[in-house]
Amino acid sequence: MWQLTPLFFGKIWACLTVLDSVDRADELPKSRLGKAITYARNQRTALNKVIDYGSIDFSNNASERNMKSFVIGRKNWPFSTSPAGAKATAIWMTLIESAKANHVDPRDYITHLLEKIPQLPEFPKKEDLEAYLPWNFSRALATAIELP
């Protein structure tokens with residue numbers, strides 16, 4: 001992943017200041033460049049956070065790519081026409097996409113959850129549930145308990 005340096009954004013803010021002060025014609029704020037400068041200024045705090053935490057992805061491409069399967073399949077899920085159905089779809093998609101994002105086979109992960117979660121006490125503690133998060137899931141744990 002490409003990381004932005006504070007020097008890079010320092011140059012951008014300096015450039016925006018110069019562009020803003022040089023020959024401010026009436027059409028500049030309404031032009032595409034003027035709108036881009038205004039947008040960047042309004043988002044300066046958020047953009048500076050990217051600098052402070054350099055591993056933040058500068059685009060939302062990964063999020064959009066993860067949602068693509070949902071967008072493609074939504075016409076095939078007629079039970080999502082009710083609020084309860086939409087909530088169920090959101091829960092399942094969250095489980096599946098979280099597993100994929102953590103390099104876990106969604107089928108193995110969901111099978112593991114469906115087998116193990118019902119065995120927990122009625123009101124499990126947060127610490128007990130953390131073991132079932134996809135980044136804590138291990139294939140060894142799932143296969144070690146399988147019947148012969």
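Predicted model: local features only at pLDDT ≥ 70, side-chain atom pairs only at ≥ 80, totals over all residues.
User: What share of the residues counts as buried?
Analyst: Of the 148 residues, 20% count as buried.

User: Let's take α5. How many residues does it have, and how far does it reach?
Analyst: Helix α5 covers residues 83-101, which is 19 residues. From first C-alpha to last it reaches 26 Å.

User: Which residues of α5 are buried?
Analyst: Gly 85, Thr 89, Met 93, Glu 97 and Ala 99. Seen down the axis of α5, the buried residues fall within an arc of 155°, so they line one face of the helix.

User: And which are exposed on the other side of α5?
Analyst: Pro 83, Ala 84, Lys 87 and Ala 101 are exposed there.

User: Stay on Ala 101. What's its relative accessibility?
Analyst: Ala 101 is at 51%. The cut-off for exposed is over 50%, so Ala 101 counts as exposed.

User: How far is Ala 101 from Asn 66 in space?
Analyst: They are 8.6 Å apart, C-alpha to C-alpha. In sequence, Ala 101 and Asn 66 are 35 residues apart.

User: Back to Glu 97. How far apart are Ser 63 and Glu 97, in sequence and in space?
Analyst: Ser 63 and Glu 97 are 34 residues apart in sequence. Their C-alpha atoms are 9.9 Å apart.

User: Where is Ser 63 found?
Analyst: Ser 63 is in helix α4, residues 61-73. Ser 63 is partly exposed, with a relative accessible area of 45%.

User: What happens just after α5?
Analyst: His 103 takes a positive phi of about 60° there. His 103 lies in the loop between α5 and α6.

User: Why flag that phi?
Analyst: Most residues other than glycine have a negative phi. His 103 is not a glycine, yet its phi is positive.

User: Is His 103 buried or exposed?
Analyst: Exposed, with a relative accessible area of 77% for His 103.

User: On to α6. Which residues of α6 are buried?
Analyst: Pro 106, Tyr 109, Ile 110, His 112, Leu 113 and Lys 116 are the buried ones in α6. They cover an arc of only 155° around the axis, which puts them on the same side of α6.

User: What does the face turned away from the buried side of α6 carry?
Analyst: The exposed residues Arg 107 and Leu 114.

User: Give me a number for Leu 113. What's its relative accessibility?
Analyst: Leu 113, in helix α6, is at 11%. The cut-off for buried is under 20%, so Leu 113 counts as buried.

User: How far is Leu 113 from Leu 95?
Analyst: Their C-alpha atoms are separated by 9.9 Å. Along the chain, Leu 113 and Leu 95 are 18 residues apart.

User: At what angle do α5 and α6 pack?
Analyst: About 125°, with the axes of α5 and α6 9 Å apart. The two helices are therefore oblique to each other. In handedness, α5 passes α6 in a right-handed crossing.

User: New topic. How many aromatic pairs are there?
Analyst: The structure holds one. Tyr 109 and Phe 137 form that pair, and it is edge-to-face. The ring centres are 5.5 Å apart, with 85° between the planes.

User: Where in the chain do Tyr 109 and Phe 137 sit?
Analyst: Tyr 109 is in helix α6, residues 106-116. Phe 137 is in the loop between α7 (126-130) and α8 (139-144). The pair links distant parts of the chain, 28 residues apart.

User: Are those two residues buried or exposed?
Analyst: Tyr 109 is buried, with a relative accessible area of 3%. Phe 137 is buried too, with 13%.

User: Last one, α2. Which residues are buried there?
Analyst: In helix α2, residues 32-42, the buried ones are Gly 34, Ile 37 and Ala 40. They cover an arc of only 130° around the axis, which puts them on the same side of α2.

User: And what's exposed on the other side of α2?
Analyst: Arg 32, Lys 35, Tyr 39 and Asn 42.

Methods: Residues numbered from 1 in each chain as written. Heavy atoms only, no water. Helix = DSSP H or I, 4+ residues; strand = E, 2+ residues; numbered from the N terminus. Expected span 1.5 Å × (residues − 1). Buried < 20%, exposed > 50% of the residue type's maximum accessible area, 1.4 Å probe, protein only. Arc of directions from axis to C-beta. Phe/Tyr/Trp six-rings, centres within 6.5 Å; stacked < 30°, edge-to-face > 60°. Axes fitted to C-alpha atoms, helices over the stretch in contact; angles between N-to-C directions. Parallel < 35°, antiparallel > 145°, perpendicular 65-115°, else oblique. Left-handed = near helix turned anticlockwise from the far one by under 90°.
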